[in-house]
Amino acid sequence: METTITLAHGAGGKQTSDLIAHVFKKHFSNPEFTADDAAVLTIQEQKLAFTTDGFIVSPWKFPGGNIGKLSICGTVNDLACMGAKPLYLSCAFVIEEGFPLDQLEEIATAMEKTALEAGIKIVAGDTKVAGKGQVDHLFITTTGVGQIMSEAHTSGANARPGDAVIVTGDIGRHGCTILLARNTYGIDAAVTSDCAPLWGAVESMFTTDNNIHVIRDATRGGVGTVLYEIAEQSNVGIRLNRPAIPVDPAVKGVCGMLGLDPMYLACEGRLVVFAPKKTASKLLEALHRNKYAQNAAIIGEVTDKMPGKVIVTTEIGTETMLPPPGGELLPRIC
Amino acid sequence: MEQVPAKNEMASHSPAWNIITSYNGPKVRIMEVCGTHTHEIFRLGIRHILPPAIELISGPGCPVCVTPVSFIDEALLLALEHHVTLCTFGDLVRVPGTKMNLADARSSGANIRIVYTPLDAYLYAKNNPEQQTVFLSVGFETTVPAACLAVKKAYADGLTNFSLLTANKTMKNAYRALKRSANAFLYPGHVNAITGTALCESLTQEGISGVITGFTANELLTALAVILTKTKEGRPFFYNCYPRVVTQDGSKTAQSLIAEIMEPCASEWRGLGIIPQSGLKLQPIYKGFDARLRFHLPALTGRSDPACRCGDVLQGKCKPTDCKIFGNRCRPEHPIGACMVSNEGACSAYYQYGGNL
Amino acid sequence: MCVGLAARVLNIKNGIALVDASGAKREISAELLDELDPGDYVMVHAGIAIAKITNDDKAETDAIMEAL
């Protein structure tokens, strides 16, 4: 077998089946993952959550994870936000010709491990090979199905005045990690991605108290963007307490050098949770027992004032608005 | 992990805070000259505690905001017609030129690299000798030494593929041009770190008052309190509220570096027009590093949108919210005037922080 | 106009200083400053150290208010 991906691996012949056997079957094997054209799933009369997401990340490997782990976490977390236990997942690869097989296997291994941890089964897949230069190493698309717990009714439109706002850990680490991994600005810091599967954290919250109004994962655009989305969807105001927002000092340092705000850096393992205050303090205890949510904190509350806006109480006790999200993050220097 | 100690303890209800919040004297107009001051004042919610008699005006200290349209047009010409690699601070990427901005040019294939320092632009040129590399040199006295250092190194290496498109500016004559716009200036601490205190001190003889100001909550509140206290005395005043960074002489090394590489010239400030001796261009001996000469750029006259009132905003003649296109045609995601582009721009800060906060 | 960041010098060699701002490290030019030692604080702007500083803004503003 070759050591790099060739166009023949995507042509559907023997090399394609070899690739599937040696890489994907080896790592994704389970009774429901057959060679047939579609997976056959048995699901009782249940409410299902169904989601899909494409993953492009450069570099594909970064401190704290790689594109494979990311592609599982992203879909698992989307399901978890709906209160859905992750069940089945499909994945489609678009791989650049010449991509080394051992690296593909590294990615598949990360997917296997993460899926196992999250309790989701990979039951279908597809591989296409694109010519050199047509994709940046590889793209992965995952689609997931989950079973919504009967007690879960989360939606971005459900935030209510009086809710507390929880973030399940320090913010902006993934975005900061990728920024550093690209090495565009010559900055070095011991920051690892927060990329993590969060079904366990969500399950532990529902086991503690199911009076949860909103769960969102703060991916692209970061926590700031998610809060603005929820403020708008629920037509409520959000008031944050800036000193309570957990940010790793090194992330702060990097942001300080480049004039960036960690509120807008991507996370891949952080949820924003809205629940009545009494529930929230119980949820916080449960979250602190989860290995991916040990820095969870209550960062603010929902009000009926200034609907659609996010107001910040600053470190000196004044009030200001959180700047609304504004597209591409550009370092500010001069 | 190394930690810089956090020394920004609660600034609220400090003596400075009390002086500001209890102020009930005559109206005072204070211009923050530096865009980073504008940004921090909004971020810290300082406007929220000001009594109505204190008016803060966001002046022309954001290089992006005062850089004329023609500069972006020149940069676009270099990128799209001369196919150079443009190295730029992120601040400039979304500034509108006459027809497009640098982000649009990048989407249509122009090679545009965002750098943290001009020294990285120089290194890129050194490592890619086949590629003509131009650094978009904007910025005031604080930023100029880094650009000069890059030129000096390129000169020493004999690089023939590195040049600057200069739009650097100096503050001295801008203070004079703006003296009627405000009662006192919050002088830009990091400019003064280079230039020292002498210049601002001497401006009191021309009736211009101000204090050199740092960027933390304590420093901003203290500077405002000093201005309010000194204004009461009725004489032009100067005060250095940032001595931990700003000394009387500033950086002699930086000053002589600037003088070695660059010389003063007249410069166009968006909204303020041409101010004599307020710009910097390369000294004749370094003219080989002037992108305008290397690529024989024609003189361009860019056109800004006629409805835009950035010029009046920069002079404190109107508030961003007084401009007809503010918040509708002109928004941070689609800026028309330069003050909406940079996060430091007065219009952008007003828009992002809700204007009334 | 000029984003500045206070950072601590970790080491210095041939005019290049490695600085640390709460865990973010970068090599910057120290050519504008003489007599810089590890442990000193500098104000960094656009990749160069523009001034040697003290890092305690509170002590300074307290003194200014006291004198006022």
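Modeller: Buried area is the accessible area, taken with a 1.4 Å probe, that two parts lose on being put together, summed over both. The model is a predicted one. Chain C and chain B bury about 3,700 Å² between them, and 63% of that area lies on carbon and sulfur atoms.

Colleague: Which residues make up the contact between chain C and chain B?

Modeller: Chain C contributes 38 residues and chain B contributes 57 residues.

Colleague: Why is the pair Asp120(B) and Arg26(C) called a salt bridge?

Modeller: The definition requires a side-chain nitrogen of Lys or Arg within 4 Å of a carboxyl oxygen of Asp or Glu. The closest N and O atoms of Asp120(B) and Arg26(C) are 2.7 Å apart, so the pair qualifies. The count between chain C and chain B is two salt bridges.

Colleague: What makes strand 1 and strand 2 of chain B a pair?

Modeller: At least two bridges are needed between two strands. Strand 1 (residues 28–34) and strand 2 of chain B have six bridges in the parallel sense, and therefore they pair. Within this pairing, Glu32(B) stands opposite Ser58(B) in strand 2 of chain B.

Colleague: Why are strand 2 and strand 9 of chain B called edge strands?

Modeller: The open sheet of five strands in chain B has the order 2-1-7-8-9, with parallel pairing. Strand 2 (54–61) and strand 9 (238–240) of chain B each pair on one side only, which means that they are the edge strands. Neighbouring strands of this sheet are turned by 20° against each other on average, direction ignored.

Terms used
Residues numbered from 1 in each chain as written. Chains lettered and ligands numbered in written order. Predicted model: local features only at pLDDT ≥ 70, side-chain atom pairs only at ≥ 80, totals over all residues. Heavy atoms only, no water. Helix = DSSP H or I, 4+ residues; strand = E, 2+ residues; numbered from the N terminus. Axes fitted to C-alpha atoms, helices over the stretch in contact; angles between N-to-C directions. Contact = heavy atoms within 4.5 Å.
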